[in-house]
Amino acid sequence: MQQGAQAALKDGAAKPLLVEAIGITKTFGAFTALDDINLMFKGGEIHCLAGENGSGKSTLVKIIAGTYTQDKGTVVINGRSYKELTPAQSMAEGIQVIYQDLSLFEHMTVAENIALGHLREERSALINWQQVRAIAAAQLERIGVRLDLNQELREASISTKQLVAICRALAMNARVLFMDEPTTALSGREVDRLLEVMSELKKAGLAIIFISHKLDEVFRIADVVTVFRDGRKIGDFPSCDLNAKRLSYYMTGKEISYPKYQRISKAQDNFIEIKDLCKKDMYSHINLGIRPGDILGCIGLLGSGRTELALSLFGLNQPDSGKILIEGRETALKSPSASMEAGIALLPEDRSTEGLFLERSVAVNSSASVIGKLSHGILGFFDFVKERTLALSGIERLNIKTTSERKLAGELSGGNQQKVVISKWLATKPRLFIMDNPTVGIDIGSKAEIYEQAQSLARQDMAVLLLSDEIEELTANCSRIAIFAHGQIVEILDEERLKDPAIGSYIAAVVAAGGKQGTAQDTAAAGTYNPKEGRA
Amino acid sequence: MSKINATPTPINYITGDANLNALLSVFVLTALICALAFGDAMYSGANLQSMAFQIPEFGFVALGMMLAFLVGGIDLSITANACLSGIVAGFILTGSWLPGLDEGMRIAVAVVTALGLSTLMGLFNGLIIACFAVSSLIATLGTMTLYSGIGMALTGGRSVVGFPDSFTAGGIACLGEVPVIFIAFVIVMVLMAILLERTGGGRRLYLFGGNPVAALFSGINNFRMNVATFTAIGFLAGLSGLTIIMRVNSAKVGYGDAYVFQSLIVCVIAGIHPAGGRGKVIGIGITTLLMQMAASAFTILQLSPYTTKLIWGLMLVLVLGLTRDGRRLLNALRAPFIKNKTLTDKDSNPGEADNG
C-alpha cells in the first residue's frame, strides 16, 4: 500500500491514485475467477477493462464495489486499505457502479431518480421536493446535459436513462465511476453524447472505468486499457499503443480474422421465395429468394421491418398478403411448428428470454426443439439417453464450453449460451436458419466461432438469413446483402458488389440515409414507429 | 439443481432436490413428534385408515392445483367443478335423471357423465384462458361462480341424497386394510408423476410453465399446453367430486370450499413454484400426508378450528424458511466431505431446484 501511494505521488498530482487493487484473488469453487490481480485506477483518467466474457472484469468490479469479497489481496481506496469491503463502505469512499440494467425506478421521474440516492444518504425523514429538483438540476449541469426533470423514466429513451444513472452516481459524490457496457443499447449519435459526458467527467477529476466489447469506442475514449484473460491480467496498455488487431490478440490469445464466405453450392433454385409479402405498419412488398448455400444478410435501422419479416417466416407474425414458396410450393407458415416442419429455424434476437430456458440445463435446452422426436410410445416416453447423446454431440460440434451437459444454461457465458441455441436448432436439421443478431454482447472469440459455424452450415447447403447491425459481420459472412428501410428492401447487393473493398462504407451510407428513397414524411413516420408495439 | 440423469436412482431423485429434502425432514420430524406425543392415538390402525379415507378427495384437488401452478397459473374453480359434477352424478344415481336405467347402468352412466362433464368444464377453462389470453386467476374466478351457480340452480341449495348402496360401498371398501379410494389416489399420483417427469408432453409442460416465450420460440404450442393442462385439472376435479359423493353419500354445492385455499398452501409447501415450471408430484404426496397428519393431531388435541389455521400458517412459514436455507444448511453439513464445491448465492436459491 505504501508503495502504491508513493507511486501515485511520483506520477504527479494531476492524476491522483484513487483505487488500487493488490494481489486480488477470487475463486468460485474450483474456478479461479481472478488470479493475483494488481491494478490502479487514477482520477482524471478513463480506464477501459477489456476481455472476453468470463475473463474476470465484472468480478473485479464487484469486489471493488463490495458485492463480492476477495479470497486474497487488498483493495486500497483513497489510501485506506480493505481486506473486506461492504457495499456501504465502498459507496462512502465514492465508488459508484452503473450496471448494464441501470437499476433505475421506471415509474419515477428523472429528478427523483437522480436525487433519491443522495437523500437516502442524508436520512431525512421528509422529502423536500425543491431540494430534489435542485440536486437533479445541479448534476445535469455538471455533465452539461439538459433533460426534462419531470419526465417519467419509463417514457424516456435508454440513452436518457443512462445519463440519469450517471447523474445519480454523481449525486452520491462519486469519485470513481464504473460503467458496465454503457453503449450496448445506444445508437451512434447517443454513443457520441455519452462519450462526451465521459470526457467531461474525466476533466472534473473522476476516475472512469468502463467495460466494453466495442473496440472502436475503447480506442476513441480510453487513456489506459487493461486486458484480462481467464482471470489473469495480461497487461496495462496506453490506448495509443494499441490497435484492434493487437487488442483482440491480447484478449483471446490468438490472431483473429474473420474469413470471407464464398458460396460453393451449385444449387440455383431458391429454397425459399418470398413474393410481394406485406404486413401493415411493418413491411411491404418484400420480394426475396434464398438459395441453399446462401448467407443472405439483412441490415437496416430499428423499425426497418427485418425482424418482423423474420418472425413472419417463423410463423409468429402472420403477413397480410403475399406468398411464401418453399421449394416452389406455396406454404402457409401459420405457427412455429409449421415453420419447423418446413425446415426453418430461428435464432431469436434476445437469447436470454426468447432463445433459452436459462434455469434449465444445457441438455434440456438442446432438446427443446425436438421433444416430439425424442418421445416414444402411446404415452410419449421421453428418451433421456438420446437427449444426453444429442446434448453431448452439440457440445462437441459447437465447442460449447461447459463442465457438463447438466450445467444450467444461465451459468454459461454469452457466447456459449448462443451456441446452445444454435445446437438446439441444428437438432431439427433445418434447411433455412434465420439468425437475428447472433453476436450481440458476445466476445470476439465466440463471435469468430459462430461465424465459422454459419459458414460451414452454408457450405453444407443450408440457407442462412443473417440479420445484423454490424456491417463488418455482414460483409465477412454474406454472399448477398439486402438493405432494409421503412419496411422495404431498398437494395440487394450481390456477390460481385460485395467484392468491392469499399462496400462497407457504401452500406453504412445507404442505411444512414434510410435508403435515400424515403420522402420526408416517410422518415418522420419511421422515427416514431416502434416495432415492439406492432408485434404485441 | 438440474438433474437430468439418464437413470435417476430413487435416492438422488429425492436428495438432489433441496425442496424435497426440506420437506422430508419436516415430515420425518412431524412423524416422530406425533409418535412421541400421541403414540397409539396417532398410529393405531383405525386412525391410519381413517386418514387414508380422508386424503383422496383433497389429494385430487391438490394435484389439480399443482398442474395449474406448473403452468404459472391457478385454478379456483376446482372444487366448484367437483361439486357440480358430483351433483350431476347424484341426480343420475338417485334416478331423478334417466329414471329407466337399472342400478348397475346408473352407476356406470353417473361415473362416466361426472368425469366427462368435469373434463369439459376444465376444457372450457382452458379455452377461455388460451383464446382470450386472460389470466387464469380471473378466468377461473369467473367459472368458479358459474359452476357453483349452475349447481345452485339445479339443487336449489339442497343436498342430493339417497345413492344406491353398491355405489357408496366404494367409498368404504378396503383392500386388505387399505381403502380402495386411497389406492386409486396413489395410482393416479404415480401415473401423473410418470406423465410429467418421464414423457415428452410433461417436458413441454415444464418448459412452457418456466418460460412461455422461449417455449414459443422452440416450437412448443402454447395454446395447446394451456388447454391440455386445464382439461386435465377438470378431470382431476371430477375424480375428487366422485370420491366425495361416494364417501359422504350426498352431493351439494359448497362442499369442500376450503380445499381450494388449502391446496394452495399444499402446493407452496410441496415446492411447486407459483411462477411455473417447477415441482414434483411426490412433493404433493408428502405434503398431503403431512397436512392430514397435522389435521389428525389437531383432532386428537381437540383444538379449535382457529388454532388449526394458525398452526397451518406457521407450518407454511416454517417450510418456506427451510427451503430457502435448506440447501445452505445441507452444504454446510456436507462441507467437510466435499472438496472443490463451495456454495454460491445461486446454490442456495430455492427457485433453482430443478425438476426437468
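In the predicted model, the secondary structure of chain B comprises 15 helices and four strands. Of the 356 residues in chain B, 44% are buried. Among contacts in this chain with a separation of 6 or more, 78% involve residues 24 or more positions apart.

The packing of two helices of chain B was examined in detail. Helix H2 (residues 18-38) of chain B packs against helix H14 (residues 281-301) of chain B at an angle of about 25°, and their axes lie 10 Å apart. Because angles under 35 degrees count as roughly parallel, H2(B) and H14(B) are assigned to that class. The crossing of H2(B) past H14(B) is left-handed. On the side of H2(B), the contact involves Asn19(B), Leu20(B), Leu23(B), Leu24(B), Val26(B), Phe27(B), Thr30(B), Ala31(B), Cys34(B) and Phe38(B). H14(B) contributes Ile282(B), Gly283(B), Ile286(B), Thr287(B), Leu289(B), Leu290(B), Met293(B), Ala294(B), Ala297(B) and Ile300(B). Classified by residue type, the contact between H2(B) and H14(B) contains 16 nonpolar and four polar residues, with no charged residues.

A loop position was also considered. Gly256(B) is located in the loop between strand S4 (250-251) and helix H13 (258-269) of chain B. Gly256(B) has 20 C-beta neighbours inside 10 Å and therefore counts as buried, the criterion being 20 or more. When residues up to four places away in sequence are not counted, Gly256(B) touches Glu57(B), Thr79(B), Ala82(B) and Ile244(B). Phe230(B) is 26 residues from Gly256(B) along the chain, and the C-alpha atoms of these two residues are separated by 20 Å.

How values were computed
Residues are numbered from 1 along each chain as its sequence is written. Chains are lettered from A and ligands numbered from 1 in the order in which they are written. This is a predicted model: local features need pLDDT of at least 70, side-chain atom pairs count only at pLDDT 80 or more; totals for chains, interfaces and linings use all residues. A residue is buried if 20 or more other C-beta atoms lie within 10 Å of its own, exposed if 12 or fewer, and partly exposed in between; C-beta atoms are placed from the backbone. Two residues are in contact if their C-beta atoms, placed from the backbone, lie within 7 Å. Axes are lines fitted to C-alpha atoms, for helices over the stretch in contact, and angles run from 0 to 180 degrees between N-to-C directions. Angles under 35 degrees count as roughly parallel, over 145 as roughly antiparallel, 65 to 115 as roughly perpendicular and the rest as oblique. A crossing is left-handed if the near helix is turned anticlockwise from the far one by less than a right angle, and right-handed if clockwise. Ala, Val, Leu, Ile, Met, Phe, Trp, Tyr, Cys and Pro count as nonpolar, Asp, Glu, Lys and Arg as charged, and the others, Gly among them, as polar.
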